[in-house]
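Open the model in your viewer and keep the selection tool at hand. The stops below are meant to be taken in order.

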Amino acid sequence: MELPTIDMIRTGENINRLRKQAGLSVKELQNILGFSTPQAIYKWQQGGSIAIHR
């Protein structure tokens, strides 16, 4: 089974765009997602990582 390739830069741009369209700050999104720090969101937006740690 071949998995799709994810364009991390484009995905990060989309996360940033959608967050801003929703009128959310990084801190607000952090709180909505229940993260203790905003580092994951910043990494997502920069295309550095899209993994969700549980």
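Select Asn-16 to begin; this residue sits in helix α1, which covers residues 8-21. The model is a predicted one. With a relative accessible area of 22%, Asn-16 is partly exposed.

Next, select helix α2, residues 26-33. Which residues of α2 are buried? They are Val-26, Leu-29 and Gln-30. Look down the axis of the helix: these residues cover an arc of only 105°, so they lie on the same side of α2.

Keep α2 in view and turn to the face directed away from its buried side. The exposed residues Lys-27 and Ile-32 are there. Then go back to the buried side and show what lies over it: the cover of the buried residues of α2 includes α1 and α3, the latter being residues 39-45.

Step off the end of α2 and select Gly-34. This glycine, just after the helix, has a positive phi of about 75°.

Now for the aromatic rings. How many aromatic pairs does a search of the whole structure find? The search finds one. Select Phe-35 and Trp-44 to see this pair, which is edge-to-face, with 5.8 Å from centre to centre and 70° between the planes. Are the two partners buried or exposed? Trp-44 has a relative accessible area of 10% and is buried.

Finally, zoom out to the whole chain. The protein chain has three helices and zero strands, in the order α-α-α along the sequence. Its C-alpha atoms fill a box of roughly 35 × 25 × 15 Å along the principal axes. Of the 54 residues in the chain, 17% are buried. Among contacts with a separation of 6 or more, 45% are between residues 24 or more positions apart.

The accessible surface of the chain is about 4400 Å², and carbon and sulfur atoms account for 55% of that. Colour by charge to pick out 7 positive and 4 negative side chains; the centres of these two sets lie 9 Å apart.

Definitions and conventions: Residues numbered from 1 in each chain as written. Predicted model: local features only at pLDDT ≥ 70, side-chain atom pairs only at ≥ 80, totals over all residues. Heavy atoms only, no water. Helix = DSSP H or I, 4+ residues; strand = E, 2+ residues; numbered from the N terminus. Buried < 20%, exposed > 50% of the residue type's maximum accessible area, 1.4 Å probe, protein only. Contact = heavy atoms within 4.5 Å. Areas by Shrake-Rupley, 256 points an atom, 1.4 Å probe, with all protein chains shown as cover. Lys, Arg positive; Asp, Glu negative; His and termini not counted. Charge placed at Lys NZ, Arg CZ, Asp CG, Glu CD. Phe/Tyr/Trp six-rings, centres within 6.5 Å; stacked < 30°, edge-to-face > 60°. Arc of directions from axis to C-beta.
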